[in-house]
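Thanks for coming, everyone. Let me put the structure up and walk you through it.

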Amino acid sequence: SHAAPDAGQVDKVDLLIIGDSSACRVGSVARKALKDDRRIGSVNVSCRVGSTINDWSYGKVRYALDSFPQTDFVFVFLGGNDHRKKTLPDVSKILTAISASGARCTWAGPPMLFGKKWPINEQLRASITYGCSYFDSETVDMVLVDGLHPDDDGATKWLTAVVSASFKGEK
């Protein structure tokens, strides 16, 4: 006979962090930063330094999801390499791929690159209408050591803020 599951037991969420160098940065601290979070099971990272929204729009997201089929929740860190563009590239293929996987999703927009706000964040917020919720990374108080990337403390603070917003109300 099998023991009854503990009533207080929560199904752990398998997390996939995807995107550009911000995803690599946050991913590098994720296991350590989340080791005591009882909601999180595995943490996997699929990132490419210098990549853009367009780079991820054609099969890259699906490949990442296929590589980690147990994924329950995707954190997208993308947009930083698109920050100077006047108009936002189409995000629908990324949103559709994540949505089709059945995973929940939070898209973390770029932080205050070079200490300023960029129009891309408002464009991202307006464009992410399904598949993912949007997290405004400009609200996170972190030092970007080169104007673009946080140190370990900043990456931990950023990831913790995204997790907190993503699991609001969940224990």
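I'll take the sheet, then the helices across it.

A word on the source: this is a predicted model, where local features need pLDDT of at least 70, side-chain atom pairs count only at pLDDT 80 or more, and totals for chains, interfaces and linings use all residues. Residues are numbered from 1 along each chain as its sequence is written, and side-chain values use heavy atoms, without hydrogens and water.

Helices (H or I, at least four residues) and strands (E, at least two) are DSSP runs, numbered from the N terminus. Strands pair if DSSP finds at least two bridges between them.

Start with the sheet. It is open, with 5 strands in the order β2-β1-β3-β4-β5, and the pairing is parallel. β2 (40-47) and β5 (133-135) are the edges; each has a single partner strand, so one side of each has no neighbour in the sheet. On average, neighbouring strands are turned by 20° against each other, direction ignored. Axes here are lines fitted to C-alpha atoms, for helices over the stretch in contact, and angles run from 0 to 180 degrees between N-to-C directions. Contact means heavy atoms within 4.5 Å.

Now β4 (residues 104-108). 3 bridges join β4 to β5, in parallel. Thr106 has Ser133 of β5 as its bridge partner.

Next, helix α3 (residues 60-67). It lies across β1 (13-19), β2 and β3 (73-77), at about 150° to β1.

Last, helix α6 (residues 152-166) lies across β1, β3, β4 and β5, at about 135° to β3.
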